[in-house]
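User: I have a chain open here and would like to talk through its architecture with you. Could you take my questions as they come?

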Amino acid sequence: MASGNDRGAGLSPQAVVAARAFVQLLALELSSAPNAPRESTAVRAGGSAAPLPVSDARVRQAMRRQFPSMFNTDQPRGKQRFSTPAPCIVKRTDFHMYVLSEPSQFTPKGSEELELAHAGLGKRMLSIPDHLKHDEIVALLEEEYPKLKTLQGGWMFFKSTGGSGRRKLSIIPTDAEGYSTTLLKSASNNGKNIVFVVPLQEKLSTEPLSYNSVEFAKMPQSKCITCGSQMPLQLLPLHVEGCNGTLTESESGTCLDEDCSVLEQPVPSTIGMDESLAVCPICLASYPADVLPFHASTCGDRMNCAQPSVAASPPRGEEFPGPSRGEELPGPSVPQSSAASTWATEVDPQKACQLFREDLLNRYSESPRLSLSLDMFDAEEEQDSAFISFYKQNNVNWAAPFKCRLRGDAAVGDGVNRHVLSMAMQKLKTGFRINLGSAAPTTLFEGEKEHRVPSAAAVLRESNLFEMAGRMIGHSFLHGGSSFSGLSLPVVTLLTGESIDTAASALTLKDCPDIDHRETIGLLKNAELTAEEHTKVTDLCLSWDLPFPNSTNRVWLFQELLSHAVLHRVKQPIKQIRKGLKQRGIWPLLSDRPDVHPLIFPRESTEELNPQTVIQSITWPQPNVDSDEDEDDTVPLEKISLVTGFLRKFIEEASADVLRDLMKFWVGWELPTRKLHVEVVTSTYPVAHTCFFKLKLPSHYQTYKIFHQDLMMALSSVSSGLGLV
């Protein structure tokens with residue numbers, strides 16, 4: 001066995017020196033500090049080694065050359081046994097919470113929102129983690145609404161049904177462990193719908209809180225430039241409206257006084273003149289520019305609960321809702337000028353309507369003009385579509401100036417407006433030619449003369465065509481057009497705000513549009529019912545969930561069946577018509593002046609034309625000796641007498657339909673007009689200046705037969721246009 005010296009003797013001197021240098025270098029690397037200077041070994045002559053300083057970069061470079069697989073990268077090697085933990089992300093859902101002050105089965109009114117917010121309740125948005133359970137949700141709500149901590153009778157979550165206006169609330173049932181975020185997400189459509197917190201037994205206080213209350217701690221603050229007090233931005237508009245430059249009790253930490261209650265008044269004139277003011281586009285009141293955006297976002301939802309005060313701008317009028325589906329702006333405001341009290345106190349209903357109309361139109365006389373264009377060369381279906389498209393527009397001020405144009409016809413002026421509005425009212429009576437699965441015109445109202453009621457067809461109701469009908473009626477009234485006549489009196493009673501019981505008391509069998517139902521209900525008027533008649537009445541009662549007829553309930557059953565057949569089936573169409581009327585701004589006149597109902601919804605009998613009425617309204621031509629016209633253009637008195645005699649004979653012999661066509665040709669609509677003018681001129685055919693109620697007749701007629709033929713030809717052209725400027 002060889003010794004260590006023998007093994008060492010077999011090696012070359014260079015290998016021994018290299019090995020010693022390598023061992024020394026490793027020992028030095030392990031024993032020295034990390035920042036200590038590196039040393040290398042230089043081999044001197046004779047085999048001795050001396051340490052020399054060397055840089056770390058050179059050492060690493062040398063090691064890479066000797067061991068390339070170990071020193072060719074700076075990245076750590078080996079299996080990574082434990083992964084780096086990822087940060088925990090908590091998913092959250094935003095909920096619209098609305099805390100009510102007392103038990104209720106319906107959603108709150110829009111006017112109550114600011115009142116509840118001032119009391120630390122109302123609507124707020126909460127971001128709730130998706131993993132929260134019942135106790136954690138309760139704690140989060142009590143932190144956001146401190147008043148819930150003092151509630152003894154308990155509360156539960158509710159959700160509202162679909163629709164517009166005040167809706168019915170339905171309870172959100174709990175799981176076995178109470179409420180959870182998952183349950184609330186499911187009930188609110190992932191936070192898109194409002195979740196209501198409703199007390200079950202106890203009533204929460206709605207007294208206004210001081211501005212420094214904990215309920216307002218998270219709200220952005222703003223400063224009143226008049227009194228210098230700091231308050232939540234949400235409450236600043238209420239304070240500005242009643243601020244008189246002195247500190248109120250709210251700034252001192254106690255409840256607010258009446259001056260800072262829920263108001264809807266313009267900004268007082270005590271605001272400095274150097275402060276820029278802007279006008280709210282809804283209520284037309286002036287507010288500081290920095291406050292106006294918040295006021296405009298809530299204007300129209302608050303209640304005017306104070307008397308008018310001195311303001312920097314005229315007081316605004318009452319506001320009315322706009323169209324459903326989120327989709328429509330409020331209608332024109334009620335006039336609040338000196339004429340407003342005039343129409344309310346005017347004894348004559350006709351004059352009251354005129355004053356109301358003039359005041360409302362004058363208020364919006366500077367608004368952008370509404371234009372309705374009809375192509376007289378289009379088919380009737382296309383003209384009806386133009387009417388429907390125009391009156392189904394949203395975000396329109398219908399009290400703005402109105403102008404109609406007939407493409408393909410040279411006529412302009414007020415006569416064209418009267419003609420188009422008359423066409424619109426006639427379409428409501430006879431129907432629109434739109435494709436709803438029937439070749440016949442689609443009628444919105446059905447029934448016989450003087451007893452028309454809205455149709456119960458679901459497709460008309462779902463298409464909001466009755467809301468369009470209300471817009472048509474209100475728009476025609478505002479601009480002096482024809483009224484919608486022939487509507488059933490019980491329907492008018494229900495439409496103008498009376499109860500359904502009051503309307504039902506005026507029902508008659510003629511108000512029932514369904515002939516089969518009318519005959520069956522009328523059987524209850526008989527003294528005795530045969531077996532067949534009794535079966536028919538019983539079947540109808542069963543279909544409408546009413547009791548069987550007997551000797552004691554026949555009078556009551558007759559009224560219930562008639563009420564169901566006429567009123568209960570058309571409650572939704574009547575609501576839509578009422579909504580359309582409110583959008584036109586005429587609801588104050590309907591609600592405050594019941595005596596104008598026969599003028600807005602007249603009887604057809606009052607609009608019937610008779611020859612005597614037309615003749616009495618005519619101003620017949622008179623000879624004018626001092627006329628400036630040329631002698632060649634002057635018509636002799638004999639010809640004037642002859643032609644006017646032909647016209648009188650034509651009117652006396654005309655039927656009611658011919659008289660309506662004559663009035664349409666003469667003035668643009670079929671309504672009786674008090675001032676009608678006739679002029680005999682040198683021309684070829686009869687022409688009419690509808691704007692001036694003037695009919696011009698040619699003087700060349702010698703026989704009544706030719707006169708009658710030409711005038712009937714002129715009347716037949718009414719449906720195709722007017723034909724004269």
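User: Let me start with a strand detail: which residue in β7 does Trp155 stand opposite?

Analyst: Trp155 stands opposite Pro199 in β7. Please keep in mind throughout that this is a predicted model. The two strands involved are β5, residues 155-160, and β7, residues 194-199, which pair in the antiparallel sense over four bridges.

User: And what is the order of the strands in the open sheet of five?

Analyst: The order is β4-β3-β7-β5-β6, and the pairing in this open sheet is mixed. Its edge strands are β4 (122-129) and β6 (169-171), each of which pairs on one side only. On average, neighbouring strands of the sheet are turned by 40 degrees against each other, with direction ignored.

User: Which strands does helix α5 lie across?

Analyst: Helix α5, residues 134-144, lies across β3 (92-99), β4, β5 and β7, and runs at about 140 degrees to β4.

User: Stepping back a bit, how many helices and strands are there in the protein chain?

Analyst: The secondary structure comes to 26 helices and 19 strands. Of the 725 residues in the protein chain, 43% are buried. Among contacts with a separation of 6 or more, 65% are accounted for by residues 24 or more positions apart.

User: Which residues stand opposite Lys696 on either pairing?

Analyst: In the pairing of β17 with β19, Glu679 stands opposite Lys696, while Val687 has Lys696 as its bridge partner in β19.

User: What about the hairpin of β18 and β19, how many residues lie between the strands?

Analyst: There are four residues between the strands of that hairpin, and Phe693 takes a positive phi near 55 degrees there.

User: Changing topic to helix packing: at what angle do α24 and α26 pack?

Analyst: Helix α24 (residues 637-653) and helix α26 (residues 704-715) pack at an angle of about 65 degrees, with their axes 10 Å apart, and the crossing is right-handed. Residues that make the contact include Phe646 and Phe650 of α24 and Phe707 and Leu711 of α26. By class, this contact has nine nonpolar, one polar and two charged residues.

User: How do α17 and α18 cross, left-handed or right-handed?

Analyst: Their crossing is left-handed. The axes of α17 (residues 515-522) and α18 (residues 531-543) come within 9 Å and cross at roughly 115 degrees. His517, Thr520 and Ile521 of α17 make the contact with Lys536, Val537 and Leu540 of α18, which by class gives three nonpolar, two polar and one charged residues.

User: Last one: how many disulfides does the count come to?

Analyst: The count comes to zero disulfides, taking sulfur atoms within 2.5 Å as the cut-off. As for individual cysteines, Cys404 is buried at a relative accessible area of 3%, and Cys541 is buried at 0%.

Terms used: Residues numbered from 1 in each chain as written. Predicted model: local features only at pLDDT ≥ 70, side-chain atom pairs only at ≥ 80, totals over all residues. Heavy atoms only, no water. Axes fitted to C-alpha atoms, helices over the stretch in contact; angles between N-to-C directions. Left-handed = near helix turned anticlockwise from the far one by under 90°. Contact = heavy atoms within 4.5 Å. Nonpolar A, V, L, I, M, F, W, Y, C, P; charged D, E, K, R; others polar. Buried < 20%, exposed > 50% of the residue type's maximum accessible area, 1.4 Å probe, protein only. Pairing = 2+ DSSP bridges.
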